[in-house]
Protein chains: 2
Amino acid sequence: MLRLHHVPLCPFCRKIRIVLREKGLTAELVEVQPWDKPDDLLRLNPACEVPVLVDGAHTVCDSQAIADHLEEAYPEIDLLGRDRAQRNETRRLVAWFDSKFDREVTELLWREKLVKRWAKRGFPRSEVVREGSQNIRFHLTYIDYLYQQRKWLAGDSMTLADIAAAAHLSVLDYLGDVPWETAPGARDWYAKMKSRPSLRPILMDRLIGLKPPVHYDDPDF
Amino acid sequence: MLRLHHVPLCPFCRKIRIVLREKGLTAELVEVQPWDKPDDLLRLNPACEVPVLVDGAHTVCDSQAIADHLEEAYPEIDLLGRDRAQRNETRRLVAWFDSKFDREVTELLWREKLVKRWAKRGFPRSEVVREGSQNIRFHLTYIDYLYQQRKWLAGDSMTLADIAAAAHLSVLDYLGDVPWETAPGARDWYAKMKSRPSLRPILMDRLIGLKPPVHYDDPDF
């Protein structure tokens, strides 16, 4: 029995929800509000962060630790790649999205616009949002560049790199913050991701009082 | 033949240097200045970040991708833990230090004081440094708490969690930014780490014009 404690519009939680579906696993989803420091979450993870996966006797904290745990515990469907070069390339790009892209884009847009709103801690700072909006253009160009040379971001099969990237972009796309028109290759890649069944549930999430753009859950956008 | 492209006072590079030594591996060290965007580094890693490990035909970017590669390619000395619970706990704490601690402490002190100086991009902002100095106290208390219950941070053997933590703290300690007197257990743990041969080379690094405190390389501090 798997149970995932998550925030629906958190990129790191979405990464794990997509991984679970791609591996053919189902998990009970428990929605939490980490910014309120709830006791239940603190007991599971002293960092009071999501995602947290409870897998039988194991409690696993941090999205990459969870992804590694799922690779080891459920290896039938492999999301890293079989040979060493492929695994290194997958991991390089997962780190690119979860560290560099996160620091230069997601933190500046998602944290300013959504996390502050949830935590009721002030308003988005326009200079920070502006910086994030500029940075995302460079990163879309990089996705474009990768996709011109490969069938998927890390090579010829769909890997955790595509999942991590789609998790970040899906949250930013909900906010209308992805200038898809500037990077047609990146848009084609994301359309292919959106048509996977593993993405359907996350594209159904809606926030009260904040609608996504009309193209948000449309694979042909 | 292993070659590590690194910055001597970067916590993520130090993590890999310690891992290499703990595994009994030697690597040629190539010092780079990522902030100058050198062509050699850009060719190896389009993110132009360190550390980058070249291992024969493999180029591996990102410290956690490198640590994972070294675990897989040189498994004789294991730094994650043999059973699943131990591996999850190690990975949880590695993520704690490389994400949470990094975001709340290292970025606010090391990036403000050192990276800005290296990149010649402005001066440390006092309010940011103050926030980092406050945050480190909470995190030292957590190390204290872990070490009261265990021989090492993630359990009864030394793991990548200890290495990641020591890598961050060694850089902050160089800057005189670790209030050891507030957390005697954390100090005892760090003294034990400092006495390991794997830490000796990194404690010998010196920056021109910036001396560390006298206790910096003394295991009995």
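Helices (H or I, at least four residues) and strands (E, at least two) are taken as DSSP runs and numbered from the N terminus. The expected span of a helix is 1.5 Å times one less than its number of residues. The model is predicted: local features need pLDDT of at least 70, side-chain atom pairs count only at pLDDT 80 or more, and totals for chains, interfaces and linings use all residues. Residues are numbered from 1 along each chain as its sequence is written, chains are lettered from A and ligands numbered from 1 in the order in which they are written, and side-chain values use heavy atoms, with hydrogens and water left out.

Helix H1 of chain B covers residues 11-22. At 1.5 Å a residue, its twelve residues should span 16 Å, and the end C-alpha atoms are 16 Å apart, which agrees. H1(B) is mostly covered, with eleven of its twelve residues buried. Buried means under 20% relative accessible area, exposed over 50%, and partly exposed in between (1.4 Å probe, protein chains only). The buried residues of H1(B) are Pro11(B), Phe12(B), Cys13(B), Arg14(B), Lys15(B), Ile16(B), Arg17(B), Ile18(B), Val19(B), Leu20(B) and Glu22(B). Their cover includes strands E1 (2-6) and E2 (27-31) of chain B. It also includes helices H3 (63-73), H4 (84-119), H6 (160-174) and H8 (200-204) of chain B. Contact here means heavy atoms within 4.5 Å. Just after H1(B), Gly24(B) takes a positive phi of about 75°.

One of the elements covering H1(B) is H3(B). The axes of H1(B) and H3(B) come within 9 Å and cross at roughly 10°. Axes are lines fitted to C-alpha atoms, for helices over the stretch in contact, and angles run from 0 to 180 degrees between N-to-C directions. Angles under 35 degrees count as roughly parallel, over 145 as roughly antiparallel, 65 to 115 as roughly perpendicular and the rest as oblique. H1(B) and H3(B) are therefore roughly parallel to each other. From H1(B), Phe12(B), Lys15(B), Ile16(B), Val19(B) and Leu20(B) take part in the contact. They meet Ser63(B), Gln64(B), Ile66(B), Ala67(B) and Leu70(B) in H3(B).

H3(B) is itself mostly covered: nine of its eleven residues are buried. These are Ser63(B), Gln64(B), Ala65(B), Ile66(B), Ala67(B), Asp68(B), His69(B), Leu70(B) and Glu71(B).

A rotation of 180° with 0.0 Å of shift along its axis superposes chain A on chain B (RMSD 0.0 Å). The two copies are thus related as by a two-fold rotation axis. In chain A, the C-alpha nearest this axis is that of Ser99(A), 4.2 Å away. The same surface serves both copies, as 100% of the contact residues of chain A recur in chain B. The superposition is by least squares on the C-alpha atoms of residues with pLDDT of at least 70 in both copies.

Between the chains, H3(A) (residues 63-73) packs on H4(B) at an angle of about 160°, with the axes 9 Å apart. H3(A) and H4(B) are therefore roughly antiparallel to each other. On the H3(A) side, the contact is made by Ala65(A), Asp68(A), His69(A), Glu72(A) and Ala73(A). On the H4(B) side, Arg84(B), Arg87(B), Asn88(B), Arg91(B) and Arg92(B) contribute.

Ala47(A) also touches chain B. This residue lies in the loop between helix H2 (39-44) and strand E3 (52-55) of chain A. At 8% relative accessibility, Ala47(A) counts as buried. Not counting residues up to four places away in sequence, Ala47(A) touches Trp96(B) and Lys100(B). Ala47(A) and Cys61(A) are 14 residues apart in sequence and 8.9 Å apart in space, C-alpha to C-alpha.

Two further residues of chain A were examined. Asn135(A), in helix H5, is buried, with a relative accessible area of 16%. Neighbours within four places aside, Asn135(A) is in contact with Glu104(A), Val105(A) and Leu108(A). Arg187(A) lies in helix H7 (residues 184-194). At 28% relative accessibility, Arg187(A) counts as partly exposed. Beyond four places in sequence, Arg187(A) touches Trp180(A) and Phe221(A). The buried residues of H7(A) pack against helices H5 (126-149), H6 (160-174) and H8 (200-204) of chain A.
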